[in-house]
Amino acid sequence: MYCFRKVTDDLYWVGGSDRRLELFENIFPIPNGVSYNSYLLMDEKTVLFDTVDASIGRQFLENVEAVLGGRTLDYLVVNHMEPDHCSLIAELALRYPKMQIIGNAKTFPMIGQFYDMDLEDRKIIIKEGDTFSSGTHTLHFVMAPMVHWPEAMMTYDEADKVLFSADAFGTFGALGGTIFNDEIDFDRDWLDDARRYYTNIVGKYGVQVQNVLKKAAALDIRYICSLHGPVWRSNLDYIIGKYNIWSTYEPEVHGVMIAYASMYGNTENAANVLAVKLADAGVKNMVVHDISRTHVSQLISDSFKYSHLVLASPTYNGGVYPVMANYLDDMKALNVQNRTVAVLGNGTWAPMSAKLMEAKIGEMKNMTILTENFAMKSSLKDSQMEEMDVLAARLAKEILGNE
C-alpha cells in the first residue's frame, strides 16, 4: 500500500526507509536504519527526482503509481548515480516507456555501466546553468562534482524554491512518518548520524562542498530535499552552517576526544587517568572511546567534532596497534585537519607506537602535536605523573580558553 507525503502543493515525497539494513555501503553501522528519498513533481509534465535502493523498491513503485493517479511519468531527473538512488531506473523505463531521463554528460555513461538499456531516444543531457520547464516550474541544474561522486548534481526549482541536493545535507537514520526537520528534534535524535554520515561519506571533499555552498548561497532556497534523511523547510541556516563547519575542517566543539587501544588494560588506565585530570581541571566536553569496540566511522565523526584529540596505543609487532593504525589511515584518507593532538604510547620491550603515531599525524594537514614520544613501558608509573599533569593542564587551558 502506498505511503507518501506532500512537500509543497504539487511536490510529493515518495521514498521510504530500510530498518533492516545493518551496514550502509556494507561498511558503516546504521542502528537507526536509513531513508531513501525520492520526490515526484505533479506539474503539466510529471517529473521524478531520483529513484531509491532496490530494498524498498516495492514501496517506492506503489508510492509513485499512487501519486501519479493514472498519469504517466514524463521525466526522471538523475541527480546521483550511486546504486542506492538509481536501482529502479530500469524498472521505471519498462513501466513508463515514454519517460525521458535528464542527466549530465557524466550521468549517462554510468547508467550504461549499471544497465544494458538503449537510452538514445530517452536522453536529455544538461549542463551547468541549463534550465528545463515542466509547465509552471522551471528547473535549474547545478553541478556538484565529487560531492561525493563525479557525476553528482543538484536541481533547483525556481517556482517553489526547492533544492534537490542529492547526497548533500543527508544523514543516516530511517524516517518514521515525520519527514520534515520541524517535526523532529534534530539536535537530539539526528545530529550525530548526520555528522557521521557527512564525515565518512563526504568528508574528504571539503573543497568541493565549499564550492557547492557558494553556488547555493546565490539561490533563494526554502526547501532542501536530500536523498537521505529529513526534508528541511525551516531553519535552513542551521544545516548549511553545519556543512560549512565540517567542510572547512573547523572543530564543531571545543573539547577533547580520547581514543585508546589497549590489550591488557594498561594503556586504557593511562587514558582514564588523563580523563580524570581533565575533568578535575573543568573540561566537560569530553568523550572517551575504546577503539577496539567503537566503529571507526564514529571515531572519524568525533575527530571532526572535537578540537583536541588524545590517541593512546600500545606497540604491536613493532608497529602501531592495528585498530589504531586503521583509524589513523582513515583520518588521513578523509582529510582530517586543523586539530591539536596528544599521543600516548606504550610497549614492554620496544615502545615504538608514540613515535609512529606522531609520524602518521605529521603527514596530515595543519595538525599540532602536543607531545613528543610520551611512551610508557608496560604501565603508567608515578615517575610520569608530573608529565601527565603538565599535559592535562596544557590541554585544559587550550580547551577552556576557547570555549
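1. A pocket is an open set of points on a 1 Å grid over the protein atoms alone, where a 1.4 Å probe fits, with protein on both sides within 12 Å along at least five of seven lines; lining residues have an atom within 4 Å of a point. Grid points are joined across faces, edges and corners, and a volume is the space filled by probe spheres set on the points. The largest pocket here holds about 330 Å³ of space. It is lined by 18 residues, and Met263, Pro314, Thr315, Gly347 and Thr348 are the closest to its centre. Two or more lining residues come from each of α9 (266-280), β19 (306-316) and β21 (340-347). β19 gives the most, with 3 residues.

2. On provenance: this is a predicted model, in which local features need pLDDT of at least 70 and side-chain atom pairs count only at pLDDT 80 or more, while totals for chains, interfaces and linings use all residues. Residues are numbered from 1 along each chain as its sequence is written, and side-chain values use heavy atoms, with hydrogens and water left out.

3. The protein has 13 helices and 23 strands. These are DSSP runs numbered from the N terminus: helices are H or I of at least four residues, strands E of at least two. The C-alpha trace spans about 80 × 40 × 35 Å along its principal axes.

4. Of 403 residues, 57% count as buried. Buried means under 20% relative accessible area, exposed over 50%, partly exposed in between (1.4 Å probe, protein chains only). Take the contacts (heavy atoms within 4.5 Å) with a separation of 6 or more: residues 24 or more positions apart account for 72% of them.

5. The exposed surface comes to about 17100 Å², and carbon and sulfur atoms supply 48% of it. Areas come from the Shrake-Rupley method with a 1.4 Å probe.

6. Backbone points to check. Most residues other than glycine have a negative phi, and most peptide bonds are trans. The bond from Val147 to His148 is cis, with omega near 5 degrees. His148 sits in the loop between β13 (138-143) and β14 (153-157).

7. Two non-glycine residues deserve a look. Lys161 has a positive phi of about 60 degrees and lies in the loop between β14 and β15 (162-164). Asn366 has phi near 55 degrees, in the loop between α12 (353-362) and β22 (368-369). Which is buried and which exposed? Lys161 counts as buried because its relative accessibility is 18%. Asn366, at 55%, counts as exposed.
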